Amino acid sequence: MWDIAVVGAGPAGAAAALGALAARPSARVLLLDRAGFPRDKSCGDGVAPHAVEVLERLGADGAVAGFRPVHRLRLGFAGAAPVVGSMRRAAFVVPRSVLDARVVDAAVARGAVLERHRVRTVQRLADRVVLDGSVEARAVVAADGAGSGVRRQLGVPDPPREQVAIAIRGYAPVGTGREEEQVITFAPDGWPAYAWSFPIGDGRANVGYGEVLGDDAVTQSHLLARLGDLLPGAADGASRWRAHHLPLSSGRPRQPDGRVLLAGDALSLVNPLTGEGIYYAVLSGALAGEAAVTAPTDPGTAYRRALRREMGRHLRHTTVVGALARRRWVAEAGVVAARRNGLVFDDLVEVGLGRGLVGPRLVAGLASGLAVTAVRGGRR
């Protein structure tokens, strides 16, 4: 009998193992993943400082070691003046093949048991959960990604299509002038959509493009063509293309009562403004792991309360801003406001990469940006 079994050993799952062991070092923790580590994972590879803080607190303090911090961020619509600024706290770009293996290793070093296993069935009993008829645990954390099989067995519906984005990612030689900054270029048509180039520090960049799903099927050739349009030359010499879905947060995660807890992408915890998901993954994973070993009768309720306490206001604010930003003129106003006021730039970065809130300064900045875009013929 395991105290907690974690399905999926990515950042959310490994953080759940670490969170459980931090709360109760004697806990019996099982990590299950269908892949062996290290393994590649489709992602933009951006690691926000907030995620680094959570990992360090859990004991995975070497997760970004050896990777150069990136302070500068350039973003804006293609064909228009971008905003270029230094983030108050640097981000990192760490390939998931490295990051995930490091966090898993930290969990194993603290006592978790890692097994290669693909979970197919989930049986919920009064005092335990049984996986595949043989693995028994007092609680289970489902960290098995956007297409979570555990979530579907719980009867929790998949997010609606309009709340899901699709992105493609590859690795290419970093473009001249992009070695020291993260670049995000928004699509002037087909919004919301953007391309990116994130420098790793070893001569390569993680390059990609993503957009919210529409009614039509999306092909790889379409995604690559859009990347080429928005960041010409960024994908030259690229390889290792992989696509993935991003279930965007809707403000109120659907965590049921009981002994099965959903974390990270399995709970649709992805920032709807930026697509950032690693910070949400490690924070939700840590909270789930702690609840699993400290609330033995109903960890689901304890976890839901912890999510609300730690992330509730932020998720509600990003939901509202994300919905508004689907109107291109609102997004344009945000870029203008950030270019005119460095403090507004800081606020937007915090909302998009961390746990920031929409305060009076940001609202005033957006209002001034709207006034500027209106004068210039922006859409209303």
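How many bridges join β3 to strand β5, and do they run parallel or antiparallel? Two bridges join β3 to β5 (residues 83–93), and the strands run antiparallel. One spot to look at is G46, which stands opposite V93 in β5.

Quick housekeeping, everyone. This is a predicted model, where local features need pLDDT of at least 70 and side-chain atom pairs count only at pLDDT 80 or more, while totals for chains, interfaces and linings use all residues. Residues are numbered from 1 along each chain as its sequence is written, and side-chain values use heavy atoms, with hydrogens and water left out.

Some words I'll keep using. Helices (H or I, at least four residues) and strands (E, at least two) are DSSP runs, numbered from the N terminus. Two strands pair if DSSP finds at least two bridges between them.

Okay, back to β3. It belongs to an open sheet of eight strands with mixed pairing, in the order β3-β5-β4-β12-β13-β14-β11-β15. The edge strands are β3 (46–47) and β15 (239–247), and each of them pairs on one side only.

Now let's go to strand β1, residues 4–7. Buried here means under 20% relative accessible area, with a 1.4 Å probe and protein chains only. If you wonder about the two sides, side chains in a regular strand alternate between the two faces of the sheet.

Who are the neighbours of β1? Four bridges join β1 to strand β2 (residues 29–33), running parallel, and A5 has L30 as its bridge partner there. To get from β1 to β2, the chain goes through helix α1 (residues 11–23), and this β-α-β crossover is right-handed. That term means that, with the strands pointing away from you, the path from the first strand over the helix to the second runs clockwise. β1 also pairs in the parallel sense with strand β10 (residues 140–142), over three bridges, and V6 stands opposite V141.

A5 and V7 turn up again as contacts of L131, which also touches L32, V119, T121, V122 and V140, not counting residues up to four places away in sequence. Contact means heavy atoms within 4.5 Å. L131 is, along with V47 and Y303, one of the residues with the most contacts inside the largest nonpolar core, which has 103 residues. Such a core is a set of buried Ala, Val, Leu, Ile, Met, Phe, Trp, Tyr and Cys residues joined through side-chain atoms within 4.5 Å. Helix α6 (residues 278–294) gives the most to it, with twelve residues.

Last stop: the rings. There are seven aromatic pairs in the whole structure. Rings of Phe, Tyr and Trp (its six-membered ring) pair if their centres lie within 6.5 Å; planes under 30 degrees apart are stacked, over 60 edge-to-face, and the rest tilted. Take F77 and F186: their centres are 5.2 Å apart and their planes at 55 degrees, so this pair is tilted. F77 lies in β4 (residues 70–77) and F186 in β12 (residues 181–186), so the pair ties together parts 109 residues apart in sequence. F186 also pairs edge-to-face with Y194, at 6.2 Å centre to centre and 85 degrees between the planes. Both F186 and Y194 are buried.

Terms used:
Buried means under 20% relative accessible area, exposed over 50%, partly exposed in between (1.4 Å probe, protein chains only).
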